[in-house]
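Here's a quick briefing for anyone meeting this structure for the very first time. Take a look at it, then read on for the main points.

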Amino acid sequence: MAKVELKQPIVAEISELLDGAATAVVVDYRGLTVAQDTELRKQLREAGVTYKVYKNTMIRRAAEGTAFAALDPHLEGPTAIAVSKTDATAAARILAEFAKKADKLEIKGGVVEGNYYDAKGMQVIATIPSREVLLGRLLGSMQSPIANFARVLNQIAEKSAEA
């Protein structure tokens with residue numbers, strides 16, 4: 001069997017992984033211990049992020065013609081890719097947080113919702129809270145004026161009852 005035939009299933013797997021993905025972040029994992037790598041994989045898995053190590057040429061082939069082709073300049077040396085299909089900031093957030101503890105982990109760049117970001121841009125993306133947190137904050141800010149208005153009406157009613 002030719003080498004190309006052996007590589008096609010891997011390229012198809014990566015293409016399927018990237019298809020419909022909200023985010024893909026490439027990192028240099030060189031220097032991580034086995035324990036650190038295991039912990040990182042566990043955190044990413046719990047957040048619904050797929051984290052795999054592929055050959056750079058395979059990623060390059062799978063990303064051809066997609067927004068993820070922008071990652072091409074970062075596909076040098078040991079590269080792992082973290083892909084999230086649901087939460088656009090989860091991969092960047094977890095990787096950036098983990099990189100604080102394991103200084104060997106280096107975010108190279110990423111694509112978030114079709115837009116390419118370098119390492120500094122991914123650090124900024126990592127500071128954005130998850131969708132659920134943002135929705136909670138929005139709901140809290142919408143409820144606050146209503147709750148304050150209800151308290152004022154209650155106090156007015158209590159004063160009227162006393163008099």
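A residue is called buried when its relative accessible area is under 20%, exposed when it is over 50%, and partly exposed in between, using a 1.4 Å probe and protein chains only. At 17% relative accessibility, Leu32 lands on the buried side of that cut-off. What you're looking at is a predicted model, so local features need pLDDT of at least 70 and side-chain atom pairs count only at pLDDT 80 or more, while totals for chains, interfaces and linings use all residues. Residue numbers start from 1 along each chain as its sequence is written, and side-chain values use heavy atoms, with hydrogens and water left out.

**The whole chain**

- The protein chain has six helices and five strands; these are DSSP runs numbered from the N terminus, with helices being H or I of at least four residues and strands being E of at least two.
- Starting at the N terminus, the order of elements is α-β-α-β-α-β-α-β-β-α-α.
- The radius of gyration of the protein chain is 22 Å, while a compact globule of 163 residues would come in near 15 Å. That radius is taken over C-alpha atoms, and the globule rule is 2.2 Å times the number of residues to the power 0.38.
- Along its principal axes, the C-alpha trace spans about 95 × 35 × 25 Å.
- Of the 163 residues in the protein chain, 36% are buried.
- Take the contacts between residues at least 6 apart in sequence: 79% of them join residues at least 24 apart. Contact here means heavy atoms within 4.5 Å.

**Surface and charge**

- The accessible surface of the protein chain is about 10100 Å², and 57% of that belongs to carbon and sulfur atoms. Accessible areas come from the Shrake-Rupley method with a 1.4 Å probe, and for residues only the protein chains shown count as cover.
- There are 21 positive and 20 negative side chains, and the centres of the two sets lie 3 Å apart.
- Lys and Arg count as positive and Asp and Glu as negative, with His and the chain ends not counted. Each charge is placed at NZ of Lys, CZ of Arg, CG of Asp or CD of Glu.

**Thr23 and its surroundings**

- Thr23 sits in strand 1 (residues 23-28), and it counts as buried because its relative accessibility is 0%.
- A polar atom of the Thr23 side chain lies 2.5 Å from the backbone oxygen of Ala88. A polar contact is a pair of N or O atoms within 3.5 Å; within protein, one must be able to donate a hydrogen and the other to accept it, and residues adjacent in sequence count only if both atoms are side-chain atoms.
- Not counting residues up to four places away in sequence, Thr23 touches several others, including Phe68, Asp87, Ala88 and Val111.
- Asp87 is in the loop between strand 3 and helix 4 (90-101) and is buried, with a relative accessible area of 15%.
- The side chain of Asp87 has a polar atom 3.1 Å from the backbone nitrogen of Thr89.

- Leu32 belongs to the loop between strand 1 and helix 2. Setting aside neighbours within four places in sequence, its contacts include Leu40, Phe98 and Leu105.
- Leu71 is in the loop between helix 3 and strand 3, and at 1% relative accessibility it is buried too.
- Among the residues Leu71 touches, beyond those up to four places away in sequence, are Ala24, Val26 and Gly110.

- Thr66 is in the loop between helix 3 (56-63) and strand 3 (80-84), and its relative accessible area of 38% makes it partly exposed.
- A polar atom of the Thr66 side chain lies 2.6 Å from the backbone oxygen of Ala63.
- Arg45 is part of helix 2 (residues 34-46) and is exposed, with a relative accessible area of 58%.
- Glu113 is in the loop between strand 4 (106-112) and strand 5 (115-118). Glu113 is exposed at 59% relative accessible area, and its phi is positive, about 50°, although it is not a glycine.
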